[in-house]
Amino acid sequence: MIYIIILLCSFLCTLCIKKYALKNNVIDIPNERSSHSTPTPRGGGLSVVITFLVSLAVCIYIQGFDLFVGISLFVGGALVAFIGFIDDHGHVDAKWRLLIHSIASFCVVYSVNGLPVLDIFGVEFDFGVFGYFLSVVAIIWILNLFNFMDGIDGIAGVEAITCTFFAGLFLSFISPESSLVTMLWLLTASVSGFLLLNFPPAKIFMGDAGSGFLGFMLAVFALVSSTIDQSMLWVWLILLGVFIVDATFTMVRRFARGEKIYEAHCSHAYQFASRKYSSHLKVTLSVLIINVFWLAPMAYLVINETLNGASALCISYIPLIGLAIKYSAGAEQVE
């Protein structure tokens, strides 16, 4: 019942933000890099931020979740959403965004003592102090790639919902009493309420506040859940495969060509695919199908110890890399 209430609160909050955006001209105007053709209000992802952070605070209070970790999640998420909200209303220099993202990421990494010992192809690795640095970089990368991948209707919402739902489900097999399971499903419900208005054709866009916040929360949940069982880190990397492969493949290819990777572009595989098929819906549903029928089962094989995490990750990513190549991820854009 609580999940339905959160979903409805998120939906109503999104409606209010849509009215605010229209009244204050917070509108996404199509340009040569856009994947849409109609001016559309943005910033709807703020509803996810509000409903989830309130839910998180209540969850920490009622369920007795580790206070230090909980406060780090809350403060870090709020910081990322705040800088994104300002960026939605104007422009924030990249160095300031990076500073805030770094501070928010380090808060969480410090609260969980960095990376756990990881089993990689049967060999245990203890990253020690380097694990802190690696974790911060990874969180910042996933935070930003979520922003990069939020370029067509519904795709970021679908990715967040499937990842949080299945991660929560698999974690419930390992640790049924963990309050982290509840938190993950509260985030699922929060995003679902927003997605009702963002699913193709979108009535409102997520905006930087929402996409950055979601990327941050998914990354830190991956880290926090790995402290319960290290296999959960592999689960998260597999579930996030579509976004990780497309964004990383695109960035590497553009960097190799000498382009400025921080500049706006529309050369991700999903963007080429949406233009090829003239449909956001087909691409977004394809991501949903891949997540549910390929990546989630592969992640489950890690949980039931059928496959080593690193092996499952490699197998999961092979067809995704093939799709990235097929749809020209990172290819030079023709004017």
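Mentor: What follows is a walk through a few helices, side chains and loops.

Trainee: Before that, what sort of model is it, and how are residues numbered?

Mentor: This is a predicted model, in which local features need pLDDT of at least 70 and side-chain atom pairs count only at pLDDT 80 or more, while totals for chains, interfaces and linings use all residues. Residues are numbered from 1 along each chain as its sequence is written, and side-chain values use heavy atoms, with hydrogens and water left out.

Trainee: Fine. Which residues of helix H11 are buried?

Mentor: In H11, residues 269-277, they are Ala269, Tyr270, Gln271, Phe272, Ala273 and Ser274. Buried means under 20% relative accessible area, exposed over 50%, and partly exposed in between, with a 1.4 Å probe and protein chains only. Helices here are DSSP runs (H or I, at least four residues), numbered from the N terminus.

Trainee: And what do those buried residues pack against?

Mentor: Helices H5 (130-149), H6 (155-174), H10 (241-256), H12 (280-303) and H13 (309-326). Contact means heavy atoms within 4.5 Å.

Trainee: What happens just after H11?

Mentor: Ser278 takes a positive phi of about 50 degrees there. Most residues other than glycine have a negative phi, and most peptide bonds are trans.

Trainee: Where else does a residue other than glycine have a positive phi?

Mentor: Glu305 is one, with phi near 65 degrees. Glu305 sits in the loop between H12 and H13 and is exposed, at 72% relative accessibility. Ser328 is another, with phi near 60 degrees. Ser328 belongs to the segment after H13 and is partly exposed, at 28%.

Trainee: Which peptide bond is cis?

Mentor: The one from Pro200 to Pro201, with omega near -5 degrees. Pro201 is in the loop between H7 and helix H8 (207-226).

Trainee: Switching to side chains. Is Met183 buried or exposed?

Mentor: Met183 is buried, at 1% relative accessible area, and belongs to helix H7, residues 179-198.

Trainee: What does Met183 touch?

Mentor: Leaving out residues up to four places away in sequence, Met183 touches Phe52, Leu56, Cys59, Ile60, Phe65 and Phe221. Phe65 is 118 residues from Met183 along the chain, and their C-alpha atoms are separated by 10.0 Å.

Trainee: You mentioned Cys59. How many disulfides are there?

Mentor: A search of the whole structure finds 0. A disulfide is counted when two cysteine sulfur atoms are within 2.5 Å. For Cys59, the closest cysteine sulfur is in Cys9, 16 Å away, so that pair is too far apart for a bond. Cys59 is buried at 5% relative accessible area, and Cys266 counts as buried at 7%.

Trainee: What about Thr164? Which backbone oxygens does its side chain reach?

Mentor: A polar atom of the Thr164 side chain lies 2.7 Å from the backbone oxygen of Ala160. The Thr164 side chain also reaches the backbone oxygen of Ile161, at 3.2 Å. Thr164 lies in helix H6 and is buried, with a relative accessible area of 0%.

Trainee: Which residues is Thr164 in contact with, beyond its sequence neighbours?

Mentor: Leaving aside neighbours within four places, Thr164 contacts Leu184, Trp185, Leu187, Thr188, Leu218 and Trp236.

Trainee: Last topic: charges. How many salt bridges does the structure hold?

Mentor: The structure holds 4. A salt bridge needs a side-chain nitrogen of Lys or Arg within 4 Å of a carboxyl oxygen of Asp or Glu. One of them pairs Arg97 with Asp87, the closest N and O atoms being 3.9 Å apart. Arg97 is in helix H4 (residues 94-111) and Asp87 in helix H3 (residues 67-89), so this pair ties together parts 10 residues apart in sequence.

Trainee: How accessible are Arg97 and Asp87?

Mentor: Arg97 is partly exposed at 23%, whereas Asp87 is buried at 12%.

Trainee: And which residue does Lys95 meet in a salt bridge?

Mentor: Asp93, at 3.4 Å from N to O. Lys95 is exposed at 52%, and Asp93 is partly exposed at 36%.

Trainee: Which residues are linked in a network of salt bridges?

Mentor: Arg254, Arg257 and Glu259. Arg254 is buried at 3%, while Glu259 is partly exposed at 25%.

How values were computed:
Helix = DSSP H or I, 4+ residues; strand = E, 2+ residues; numbered from the N terminus. Polar contact = N/O pair within 3.5 Å; in protein donor to acceptor, adjacent residues only side chain to side chain.
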